[in-house]
Number of protein chains: 2
Amino acid sequence: MHRTKVKIVEEALDANNTIARANRDDFDRAGVRVVNFMSSPGAGKTSLLEGVLGDLDGVRVGVLEGDVQGSMDAERLAGLHLPVTQLNTDPGFGGECHLDANMVRSALPGIALGELDLLVIENVGNLVCPAEFALGEDVRVMAASVTEGEDKPLKYPLMFRTCDLVLVNKIDLLAHLDFDLDRFLYNLDQVNPHAPRLLVSARTGEGMERWREWLTALVRRARAKTPA
Amino acid sequence: MHRTKVKIVEEALDANNTIARANRDDFDRAGVRVVNFMSSPGAGKTSLLEGVLGDLDGVRVGVLEGDVQGSMDAERLAGLHLPVTQLNTDPGFGGECHLDANMVRSALPGIALGELDLLVIENVGNLVCPAEFALGEDVRVMAASVTEGEDKPLKYPLMFRTCDLVLVNKIDLLAHLDFDLDRFLYNLDQVNPHAPRLLVSARTGEGMERWREWLTALVRRARAKTPA
């Protein structure tokens, strides 16, 4: 029973990877760098985007907003006058707890890739399944809130292991928590010693300049690599 | 394609419900009340259990601890000298983001139901899928941390809609957040006006006495209903 289930899961992931590669080809052809942005619910993804996307130093950015239901985050981001596309996993996809490559593919006709340098895909708030599904992204960024405890890298290792940047958010609350930052970073090192980590607060703005620079550098590196 | 997927999901949920009923029958025969305890990662489920389960006024309680990987929470709860059973969704079940009835069923041989009045099943930290899978529980309790924002009942309505109690946790942090408690409770009312809600802090102990009373009352009501 378990063996059959594992086989079905593997086939589903193979199919997902095929579609993810097609997405990636489309992104590459259009010269768009793509970030898959993940976290648990309420870790502050939308606030972290609100804090930087409005002023990205000439980078043309769009957002693909993934939610089970509703468009509250998309409406918040629309205030930045960026192209925001809403993708709900509920009506068409059965209330999935993650985005997959096919969902992203279904949204691409509505996104003017040729007018973007950077596309941020805000995934569904969930520390488990989003990490299992490639969307065609160049990099994975995750937000981890200090309110969630030090143990999360060990309890949800796949997402922490596969990400290229960890935003340690809500550091303005550190004085009011029993959170041991050193222990968290130690746990993160156990699963992903190579991932850079930025200590930030979307609320106070602390550290947000470095997050903005990380995103602009991502686009600049890609431009430097593109043949004239 | 979507229609086929919805059909497969419906069949899986039907199969889950059949096994959940078998679990429920076993629990009822043993006279054990069962709580399915859910939340997003880091909302404080384990701390909320640590705060009350050691002193439940004569109620014999056990915990079934669901995690993708590891046994950190089970080890924390073992300090209360309660029977704790670890259920990992990773090795046998492919890293599932939720418990289902079959996983719980597979754990039952290791749980001495006859020696319990109350079994708390701590689900995987996730606001989406755990709500879709009945385990055979009598009631559903969820923890919502005030650090997660006011919008969560609207963005993850199924879990909020189907729960019998909402523990609004980490209220010791309210003074340090922009969280609007009235707005959160208003949003909760939009999806589940009937669910009682308790404002608690596992850290300071505020409100925890009422959470303890709620659990003991759950067992007492069941005893009163049981024919002699």
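Five bridges tie strand β1 (residues 33-39) of chain A to strand β4 (residues 118-122) of chain A, and the two run parallel. Strands here are DSSP runs of E with at least two residues, helices are runs of H or I with at least four, and both are numbered from the N terminus; two strands pair if DSSP finds at least two bridges between them. Asn36(A) takes part in both pairings: Ile121(A) stands opposite it in β4(A), and Arg140(A) is its bridge partner in β5(A).

This is a predicted model, in which local features need pLDDT of at least 70 and side-chain atom pairs count only at pLDDT 80 or more, while totals for chains, interfaces and linings use all residues. Residues are numbered from 1 along each chain as its sequence is written, chains are lettered from A and ligands numbered from 1 in the order in which they are written, and side-chain values use heavy atoms, with hydrogens and water left out.

Back to β1(A): seven of its seven residues are buried, so the strand is largely enclosed by the rest of the structure. Buried means under 20% relative accessible area, exposed means over 50%, and partly exposed is in between (1.4 Å probe, protein chains only). In a regular strand the side chains alternate between the two faces of the sheet. Here both faces are covered, with Arg33(A), Val35(A), Phe37(A) and Ser39(A) buried on one side and Val34(A), Asn36(A) and Met38(A) buried on the other.

As for the two chains, a rotation of 180 degrees with 0.0 Å of shift along its axis puts chain A on chain B, with an RMSD of 0.0 Å. That is the relation of a two-fold axis. The superposition is by least squares on the C-alpha atoms of residues with pLDDT of at least 70 in both copies. Asn126(A) is the residue of chain A that comes closest to the rotation axis, with its C-alpha at 3.0 Å. The copies meet through the same surface, because 100% of the interface residues of chain A are also interface residues in chain B (contact means heavy atoms within 4.5 Å).

Two cavities of 30 Å³ or more turn up. A cavity is a set of points, on a 1 Å grid over the protein atoms alone, where a 1.4 Å probe fits but cannot get out, and its lining residues have an atom within 4 Å of a point. Points are joined across faces, edges and corners, and the volume is the space filled by probe spheres set on them. The largest cavity, at about 50 Å³, is lined by 14 residues, with Thr147(A), Glu148(A), Pro41(B), Thr147(B) and Glu148(B) nearest its centre. Its lining splits into four nonpolar, seven polar and three charged residues, where Ala, Val, Leu, Ile, Met, Phe, Trp, Tyr, Cys and Pro count as nonpolar, Asp, Glu, Lys and Arg as charged, and the others, Gly among them, as polar. The second largest cavity holds about 30 Å³, and its lining includes Lys45(A), Asp73(A), Lys155(B) and Tyr156(B). Strand β2 (residues 61-67) of chain A gives the most to that lining, with three residues.

Conventions:
On a 1 Å grid over the protein atoms alone, a cavity is a set of points where a 1.4 Å probe fits but cannot get out, and a pocket is an open set with protein on both sides within 12 Å along at least five of seven lines; lining residues have an atom within 4 Å of a point.
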